[in-house]
Amino acid sequence: MPLHTGARNLEDDCAVLEIGDETLVITHDMIAEETHFRTDANMSDVAWKLVTTNLSDLAAKGAEPIGVLLGHCLDTDSISFLAGLQEALGTYSTPLLGGDTISAKGPRMFGLTAIGRATHTPVPTRGGAQPGDAIYVTGTLGRAMLGFEGDPKHLNAYNRPVPLLDEGRALAPHVSAIMDVSDGLLLDCWRMACASMNVTFELERSLIPVAAPDRIDECIRWGEDYQLLFTADPQVELSVAATRIGSVTNADLAKLFLDDDILTSSDGLGYQHG
């Protein structure tokens, strides 16, 4: 199919469009019942998650939200959904620009297009890691998994993730590659390594910050933490709290190492669609 150059060959989280003196950053994500939220989920939480997971993609590009377009499937909990939508959009000062509403049978699905304005150009990509860079991640991984399992300390990590918009804007001028951790740290590291040219990602298990150290393998595969994963020159002083978890080296026999173990996409690195 014909691709706009702004699509970045469909290898990034967002499209980047230069229009006059502005650079727009655009993303579209969907969430589906029984995949991204439970059938008995509070629909205000579902709306919040729909908004914030899209804003998280903008955060990974250092973008400032301009507005969103909503694809809404009507149901009996629409009042609750719209209340959560209003809360999320108000929290992040992001207006609703329009969209479409339908009535349908079957599992509920919702889509959102988020539009942002780049605060730094060139807009960072997930494919710019260089040998010699350090690999970093913000926050603690595995909290969404524990929240999904019902741990009261981590419920909001699953139900109401927080897009790291301020952190993304602060990092954009300094990173060589960046993306948000949505499908699992290992899988997203593998994707970044593959998108970058002739590099290997070498992770150190003992350095990775996780919420359940006795379940580290699950924490780094489960996903939905929406922390920022990025590479940068280790000499650069960062203004964002982050943990160094490994190094980028010249291409070896593999794209990803965890300690001395070679990992590939067939090793169950994280959540993959289809």
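Leaving out neighbours within four places in sequence, Ala 129 is in contact with Ser 176, Ala 177, Ser 196, Val 199, Phe 201, Thr 231 and Val 248; contact means heavy atoms within 4.5 Å. The model is predicted: local features need pLDDT of at least 70, side-chain atom pairs count only at pLDDT 80 or more, and totals for chains, interfaces and linings use all residues. Residues are numbered from 1 along each chain as its sequence is written, and side-chain values use heavy atoms, with hydrogens and water left out.

**Two buried residues**

- Ala 129 sits in the loop between S5 and S6. Strands (E, at least two residues) and helices (H or I, at least four) are DSSP runs, numbered from the N terminus.
- Ala 129 is buried, at a relative accessible area of 1%. Buried means under 20% relative accessible area, exposed over 50%, and partly exposed in between, using a 1.4 Å probe and protein chains only.
- From Ala 129 to Glu 87, the C-alpha separation is 36 Å. The two residues are 42 residues apart along the chain.
- Leu 256 belongs to strand S11 (residues 256-258). Leu 256 is buried too, with a relative accessible area of 0%.

**The seven-strand sheet**

- Seven strands make an open sheet with mixed pairing, in the order S7-S9-S6-S10-S8-S11-S12. Two strands pair if DSSP finds at least two bridges between them.
- Strand S7 (175-180) and strand S12 (261-263) are the edges. Each has a single partner strand, so one side of each has no neighbour in the sheet.
- On average, neighbouring strands of this sheet are turned by 25° against each other, direction ignored. Axes are lines fitted to C-alpha atoms, for helices over the stretch in contact, and angles run from 0 to 180 degrees between N-to-C directions.
- Strand S6 (residues 134-137) and strand S9 (residues 228-232) run antiparallel, joined by four bridges. Ile 135 has Thr 231 in S9 as its bridge partner.

**The five-strand sheet**

- Another open sheet has five strands in the order S1-S2-S5-S3-S4, again with mixed pairing.
- Strand S1 (15-19) and strand S4 (96-102) stand at the edges. Each has a single partner strand, so one side of each lacks a neighbour in the sheet.
- From one strand to the next, the twist averages 20°.
- S1 and S2 pair in the antiparallel sense over five bridges. Leu 17 stands opposite Leu 24 in S2.
- S1 and S2 form a hairpin with two residues between them. Gly 20 in the turn has a positive phi of about 60°.
- Nine bridges link strand S2 (residues 22-32) to strand S5 (residues 109-118), and the two run antiparallel. Ile 26 faces Ile 115 in S5, and Thr 27 has Ala 114 in S5 as its bridge partner.
- S3 and S5 are also antiparallel, over eight bridges. Gly 67 stands opposite Ile 115 in S5.
- S5 is mostly covered, with eight of its ten residues buried.

- H1 lies across S2, strand S3 (63-73) and S5. H1 runs at about 35° to S5.
- Helix H2 (residues 78-91) lies across S3, S4 and S5. H2 runs at about 175° to S3.

**The second largest pocket**

- The second largest pocket holds about 190 Å³ of space. A pocket is an open set of points on a 1 Å grid over the protein atoms alone, where a 1.4 Å probe fits, with protein on both sides within 12 Å along at least five of seven lines. Grid points are joined across faces, edges and corners, and a volume is the space filled by probe spheres set on the points.
- Its lining has 15 residues; lining residues have an atom within 4 Å of a point. Nearest the centre of this pocket lie Arg 38, Ala 41, Asp 45, Tyr 158 and Asn 159.
- Helix H1 (43-59), helix H3 (143-148) and helix H4 (155-159) are the elements that give two or more residues to this lining.
- By class, the lining has six nonpolar, five polar and four charged residues. Ala, Val, Leu, Ile, Met, Phe, Trp, Tyr, Cys and Pro count as nonpolar, Asp, Glu, Lys and Arg as charged, and the others, Gly among them, as polar.
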